[in-house]
Amino acid sequence: MKLNHFKSVLLLVLSIAPVEVFAQSGLPAIVVDTADGGGQTWSLNLQALVLMTTLTLLPAMLLLMTSFTRITIVLGILRTAMGTAQTPSNQVLIGLALFLTLFIMRPVFLEIHETAVKPFMAETIDAETAIQIAAEPFRNFMMQQTRDNDLQLFLNISNSPAPQDINDVSYFVLLPAFVTSELKTAFQIGFLLFIPFLIIDLVVASVLMSMGMMMLSPLIISLPFKLMLFVLVDGWNLVLGTLAGSFFIS
């Protein structure tokens, strides 16, 4: 039971990496040679080295190929706009972004489980086929969120021909295009979040200046009003709901 669970988790993690990395076959991961005296010597070949190097990049790939990037940037901009310094803390924002990412990516993970993990655990398909199948839901998700001009930019940079189908787009082109689109979308949402808090800062600064209280920091006075505004409009509900809806609407 534990072995099957480990196999399913490993397959899900490996599906996030570009398929091109694992498409090569024909070389065993571990070479066992018989030494003098009947003993055995174990050595790792180049394929195992490439695999271990790829595994170190998987956390970054996982974060960049999901909704995590957009969510963390928007939450960071929101905290800056409110002027609450380190409240909520980075740990709270990262945890919130992680669980919201799992919620948004749930349909993708379920599709991977049904089409790749289950057949692989039932031993009806091999590992290479399962990885290729599991990579398709991620490709579809990223293509839905990627702008055409961003995709065209990296196609031109890499001198790649125009793809005839979604499956013709390489992960090495799709991934940077997706991240660029996510950054643009996150900054657009952050700009809209900044406006009401900026208006409060301007009003408070103007009132303090008209009263001659130039030595008093406007941030100290405006912070309670920004917190009150955020609570009255149910800000967390609006922000998180908008973030989640921005993925499903696309």
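Throughout these legends, buried means under 20% relative accessible area, exposed means over 50%, and partly exposed is anything in between (1.4 Å probe, protein chains only). The model is a predicted one, so local features need pLDDT of at least 70 and side-chain atom pairs pLDDT 80 or more, while totals for chains, interfaces and linings use all residues. Residues are numbered from 1 along each chain as its sequence is written, and side-chain values use heavy atoms, with hydrogens and water left out.

**View 1. Leu202 on helix H9.** Leu202 sits in H9, residues 171-210; helices here are DSSP runs of H or I with at least four residues, numbered from the N terminus. Leu202 counts as exposed because its relative accessibility is 51%.

**View 2. H4 crossing H5.** Helix H4 (residues 68-82) and helix H5 (residues 90-104) have axes that come within 9 Å and cross at roughly 145°. Axes are lines fitted to C-alpha atoms over the stretch in contact, and angles run from 0 to 180 degrees between N-to-C directions. The crossing of H4 and H5 is right-handed, meaning the near helix is turned clockwise from the far one by less than a right angle. Counting heavy atoms within 4.5 Å as contact, H4 brings Phe68, Ile71, Thr72, Leu75 and Arg79 to meet H5 residues including Leu93, Ala97 and Ile104. By class, this contact has 10 nonpolar, three polar and one charged residues. Ala, Val, Leu, Ile, Met, Phe, Trp, Tyr, Cys and Pro count as nonpolar, Asp, Glu, Lys and Arg as charged, and the others, Gly among them, as polar.

**View 3. The loop between H4 and H5.** Pro88 lies in this loop. A cis peptide bond links Thr87 to Pro88, with omega about -5°.

**View 4. Asp234 between H10 and H11.** Asp234 is in the loop joining helix H10 (218-232) to helix H11 (235-249). Asp234 isn't a glycine, yet has a positive phi of about 55°. With a relative accessible area of 42%, Asp234 is partly exposed.

**View 5. Lining of the second largest pocket.** What classes of residue make up this lining? By class, there are 12 nonpolar, two polar and no charged residues.

Technical notes: Helix = DSSP H or I, 4+ residues; strand = E, 2+ residues; numbered from the N terminus.
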